[in-house]
Amino acid sequence: MHRIAVFAAELFVATALLVSSPAEAEVRVRYAPALGLTDAGNNISPNLSFRGTLTELSQTFRSLGQLYLSAGERLDVTVLDINVAGIQPLGGGVIGGPRIVTSATPPRIKVAYALYRGGAPVAHGVDDITDLNFLYTQNPKFSSGPLYYERRILRDWFEERFRYRHGLGRVAGQ
């Protein structure tokens with residue numbers, strides 16, 4: 001009899017934990033065909049390949065989704081184009097080699113997105129994510145990791161589009 005009571009108590013605790021821990025937000029990231037991506041493999045980090053760039057961006061989308069989306073929401077993102085900050089020097093650039101970053105070469109990521117809540121679509125659109133003042137609003141001196149400027153504009157986009165989770169603004173798509 002004691003075993004049944006212990007089992008029942010354990011079952012109650014396990015059920016309470018399941019009910020009190022809602023599902024995390026989900027972000028699904030897809031990329032347009034490689035020919036459509038301006039320079040995803042041609043970036044500011046000499047150690048980051050085309051695949052590395054896409055992996056880094058996918059991780060950025062997913063981690064930002066956890067910060068800005070509510071539990072149980074799903075964001076489907078299709079990256080249509082990537083133009084990382086800066087340009088390669090003429091005549092000597094190696095893919096993945098150093099880039100010259102100036103105010104005339106801002107990062108730009110074009111995305112199509114759809115936000116779902118409870119399986120139903122609540123917002124969708126196509127956005128050209130960029131910051132023409134990126135050199136004045138960001139300080140790479142305090143950055144870490146590759147694609148600093150690109151991660152920063154994605155963070156700004158998430159904050160603008162999905163900040164309602166923190167009670168700070170409008171719901172995306174409204």
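View 1. His124 is exposed, with a relative accessible area of 63%. Here buried means under 20% relative accessible area, exposed means over 50%, and partly exposed lies in between, using a 1.4 Å probe and protein chains only. This is a predicted model, where local features need pLDDT of at least 70 and side-chain atom pairs count only at pLDDT 80 or more, while totals for chains, interfaces and linings use all residues. Residues are numbered from 1 along each chain as its sequence is written, and side-chain values use heavy atoms, with hydrogens and water left out. You can find His124 in strand E4. Not counting residues up to four places away in sequence, His124 touches Tyr113 and Ala114, where a contact means heavy atoms within 4.5 Å. His124 and Asp76 are 48 residues apart in sequence, but their C-alpha atoms are 9.2 Å apart in space.

View 2. Helices (H or I, at least four residues) and strands (E, at least two) are DSSP runs, numbered from the N terminus. Two strands pair if DSSP finds at least two bridges between them. Strand E3 (residues 108-117) pairs with E2 in the antiparallel sense over ten bridges, and E3 also pairs with strand E4 (residues 120-130) in the antiparallel sense over ten bridges. To find your way, look for Arg74, whose bridge partner in E3 is Tyr116. Then look for Ala112, which stands opposite Val126 in E4. How many residues lie between E3 and E4 in their hairpin? There are two, and Gly118 in the turn has a positive phi of about 65°. A handy rule for looking at strands: in a regular strand the side chains alternate between the two faces of the sheet.

**View 3. Glu73 in strand E2.** Glu73 lies in strand E2 (residues 73-83). Is Glu73 buried or exposed? Glu73 has a relative accessible area of 2%, so this residue is buried. The side chain of Glu73 reaches the backbone nitrogen of Ser70 at 2.8 Å.

**View 4. Helix H2 and what covers it.** Helix H2 (residues 50-68) has 19 residues, which should span 27 Å at 1.5 Å a residue; the end C-alpha atoms of H2 are 27 Å apart, which agrees. The expected span is 1.5 Å times one less than the number of residues in the helix. Among the buried residues of H2 are Gly52, Leu57, Phe61, Leu64 and Tyr68. The cover over the buried residues of H2 includes E1, E2, E3 and helix H4 (148-162).

**View 5. Leu64 in helix H2.** Leu64 is found in helix H2 and is buried, with a relative accessible area of 7%. Which residues does Leu64 contact, leaving aside its neighbours within four places in sequence? They are Leu69, Leu154, Arg155 and Phe158. Leu64 and Trp157 are 93 residues apart in sequence, yet their C-alpha atoms are 9.8 Å apart in space.

View 6. The structure holds nine aromatic pairs. In the pair of Trp157 and Phe158, the ring centres are 5.3 Å apart and the planes are at 85°, so the pair is edge-to-face. Rings of Phe, Tyr and Trp (its six-membered ring) pair if their centres lie within 6.5 Å; planes under 30 degrees apart count as stacked, over 60 as edge-to-face and the rest as tilted. Trp157 is buried, with a relative accessible area of 7%. The rings of Trp157 and Phe162 have centres 5.4 Å apart and planes at 90°, so this pair is edge-to-face. Phe158 is buried at a relative accessible area of 0%, and Phe162 counts as buried at 0% relative accessibility. Ring pairs link Phe61, Tyr68, Tyr113, Trp157, Phe158 and Phe162 into a cluster.

**View 7. The whole chain and its confidence.** The chain has four helices and four strands, in the pattern α-β-α-β-β-β-α-α along the sequence. Buried residues make up 38% of the 174 residues. The chain averages a pLDDT of 74, and 61% of the residues score at least 70; pLDDT is the predictor's confidence in each residue, from 0 to 100. Among the elements, strand E1 (residues 26-31) has the highest mean pLDDT (96) and helix H1 (residues 2-20) the lowest (38). Over residues 1-21 the pLDDT is below 50, and this stretch has zero contacts in the model beyond near neighbours in sequence.

Technical notes: A polar contact is a pair of N or O atoms within 3.5 Å; within protein, one must be able to donate a hydrogen and the other to accept it, and residues adjacent in sequence count only if both atoms are side-chain atoms.
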